[in-house]
Amino acid sequence: MLGIDDPQIWLAYVFCVLSALGCMVYGALNWKGEDEEQTVKSNTPKATVQDQ
Amino acid sequence: MAVNTSTLILFVVVYLACTFYVARLGYKKNSQTDGYMLAGRQVHPAIMALSYGAAFISTSAIIGFGGVAASLGMGLLWLVFMNIFFGIFIAFVVFGPPTRRMGLNLGSITYPEFIGKRFQSRFIQGFSGLLIAVFMPLYAASVLIGAGRFLETTLGIDYNLALLIFTIIIASYVIKGGLLSVMYVDAMQGTLMLLGMAFLLVFTYSKLGGVVGAHQALTDMASLVPQALVDQGHRGWTAMPAFNSPIWWTMISTITLGVGIGVLAQPQLAVRFMTVKDDRSLKRAVLVGGPFILMMAGVAYVVGALSNVYFYRTTGMISLQVAGGNTDLIMPQFLNQAMPETFVALFMLSLLAAAMSTAAAQFHTMGTSIGHDFYQQGLMNGKSRGTAVHATKLGIAFTILVSVALAYILPVSIIARATAMFMGLCTSAFLPLYMGALFWKRTTRAGATASLVVGSLSSLFWLVFVHAKEAVPLKICLAIFGKETLLSGTWPLVDPILVATPLSFLTLIVVSLMTVPPSAEFLKRAYRLRFEDEEEELSEPASHKAVESTGV
């Protein structure tokens, strides 16, 4: 596969690309959810930080 | 030299002007906040990710390890996978959020201070600071050597002069501007590195017959591996080395585990988690961090291995022979011979940027470790806080001098070793107690202290007396015991990380279970969740006030 005979090497090659793509998808999903999350946070009283 | 000098000078001047402009932006923001140590804790996720990546990937990762890939082959891609999965994803998503929250809850501004305050121990803070200040210059020196060698090959200027100019430029903005300047410059440099590596990848593949064509050509060259390497387990550049062979052990234990997992406990990287404003920023940063590492390390190792195809076609020799057996020279020679002139200049800047960003992060961390953690908190028991930034600046200047001195002394082919050695030491010394600090509330001060001491000492012991790669050239074992390594057989091939880290983990668990756990009240304070939009209300703001009071 990919001109590489040893599966231990082409698997590493494929895993590298897939893990980078996975990071992009994960990051993008978290970026997208920003608005709803911010609204929820700002409407929530700061109860848990009262113990400061 | 393949590049026109006037083009290169123009590129360098523009690049340096941009660097100082961006550093100034960071400095101006710094002066309004507590930014010298922690960049004001409001850094944009993309900037944090680029800064983390640029600090992580040095010229030695590209030149040194690219050269190692040219010699040992594409098995190094497992390291890239580990770097992305552990170094970015696990680091940002699992380690980052609790580090940020706890750092803020406990009012810590450096990595040693973070673990010190988490375990309420000035000894841990002081000892960690000392460990970083003593051993990080070795890693920093290897980064400086990488930069110096590349400038020497590309510009044809004297190595010593290159080293000196390079260091002075970095020192100027690190000492003056603090972490925010460093991170802004990192982000700019990271972008430049991305451009350079993207071009290198496309150019190499297109020149050698496409992705599959280039790989196939390299696969077909397996019979050209020198006999000396075959005897040690080398089976071609697109095949893993033979199981349990010396090369296999080097590749798996030192490189993959040492640098792959070791990155989780790197002080200069972990401190960056504390620079963003919320947990979500860390999760967003993954978007930039993952592909960045792929484009840096992944491209360097693939291109390094493929340089064999290029050199074989043009000179009839493999890369190692072209470079006269010195792996550090393979990448510079490939770049200078294979790439078009203008792009060599662009790429030279990318490499300069890679070295500068890593060195800047190291200088800042070493300086804060020796100035703030070791001297002020460890030696002075926190009594001279009024001069926090002043002591840090002196610390930075001092460690820079030590690093430069080491860069002159260290032997030529140590680039890849010094990086792996430092990361291994960090893993054994810091990873167990860092994980205990974040994820195991039962960890006690005594457990953490014992783990830190056992991890660092056993790692150093293995380096000096057992692991052949360091023990043999150091000659300390030979002088004391009359033989090169204390153990024989496979042991001298096993990296310290595989011995010292489990020992350190075991110590942490056993000692913690035998001692009194920290108070519930303290744990509640340390682990408290924080809202993204709340004001910073630190429970122990003394060190921040100290930073603010100096007006830096």
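Asn244(B) is partly exposed, with a relative accessible area of 40%. (Buried means under 20% relative accessible area, exposed means over 50%, and partly exposed is in between, using a 1.4 Å probe and protein chains only.) In this predicted model, local features need pLDDT of at least 70 and side-chain atom pairs count only at pLDDT 80 or more, while totals for chains, interfaces and linings use all residues. Residues are numbered from 1 along each chain as its sequence is written, chains are lettered from A and ligands numbered from 1 in the order in which they are written, and side-chain values use heavy atoms, with hydrogens and water left out.

Back to Asn244(B): look for it in the loop between helix 10 (227-231) and helix 11 (246-260) of chain B. (Helices are DSSP runs of H or I with at least four residues, strands are runs of E with at least two, and both are numbered from the N terminus.) Most residues other than glycine have a negative phi. Asn244(B) isn't a glycine, yet its phi is positive, at about 70°. Leu2(A) is another non-glycine with a positive phi, near 55°. You'll find Leu2(A) in the segment before helix 1 (7-32) of chain A, and it is partly exposed, with a relative accessible area of 24%.

## Chain B as a whole

What is the secondary structure of chain B made of? It comes to 24 helices and zero strands. Chain B has 552 residues, and 64% of them count as buried. Take the contacts (heavy atoms within 4.5 Å) in chain B with a separation of 6 or more: 83% of them join residues 24 or more positions apart.

## The nonpolar cores

A nonpolar core is a set of buried Ala, Val, Leu, Ile, Met, Phe, Trp, Tyr and Cys residues joined through side-chain atoms within 4.5 Å. The largest one here has 180 residues, and the members touching the most others are Tyr52(B), Phe92(B), Tyr301(B), Phe363(B) and Phe430(B). Helix 8 (residues 159-207) of chain B gives the most to this core, with 22 residues. The core also draws at least three residues from each of domain 1 (5-421) and domain 2 (440-525) of chain B; those bounds come from an automatic or database domain assignment.

Zoom in on Tyr52(B). Skipping residues up to four places away in sequence, its contacts include Ile88(B), Phe92(B), Leu269(B) and Phe273(B). Apart from this core lies another, of five residues, among them Trp462(B) and Phe465(B).

Which residues does Val12(B) contact, leaving aside its neighbours within four places in sequence? They are Met348(B) and Leu349(B). Val12(B) sits in helix 1 (residues 5-30) of chain B, and Met348(B) sits in helix 16 (residues 341-379) of chain B. Val12(B) and Leu352(B) are 340 residues apart in sequence, but their C-alpha atoms are 9.5 Å apart in space.

Met348(B) is buried, with a relative accessible area of 1%. Its C-alpha is 8.7 Å from that of Leu8(B), 340 residues away along the chain. Beyond four places in sequence, Met348(B) touches Leu8(B), Val12(B), Phe150(B), Leu151(B), Thr154(B) and Leu155(B).

## Helices that pack together

Two packed helices are described by the angle between their axes and the distance between the axes. Axes are lines fitted to C-alpha atoms, for helices over the stretch in contact, and angles run from 0 to 180 degrees between N-to-C directions. Helix 19 (residues 445-465) and helix 22 (residues 496-514) of chain B have axes that come within 8 Å and cross at roughly 160°. These two helices of chain B are therefore roughly antiparallel. (Under 35 degrees is roughly parallel, over 145 roughly antiparallel, 65 to 115 roughly perpendicular, and the rest oblique.) Residues making the contact include Gly447(B) and Trp462(B) from helix 19 of chain B, plus Pro496(B) and Leu503(B) from helix 22 of chain B.

Helix 3 (residues 45-56) and helix 13 (residues 279-315) of chain B pack at about 40°, with axes 8 Å apart, which makes helix 3 oblique to helix 13. Gly53(B) of helix 3 and Phe292(B) of helix 13 in chain B are among the residues in contact.
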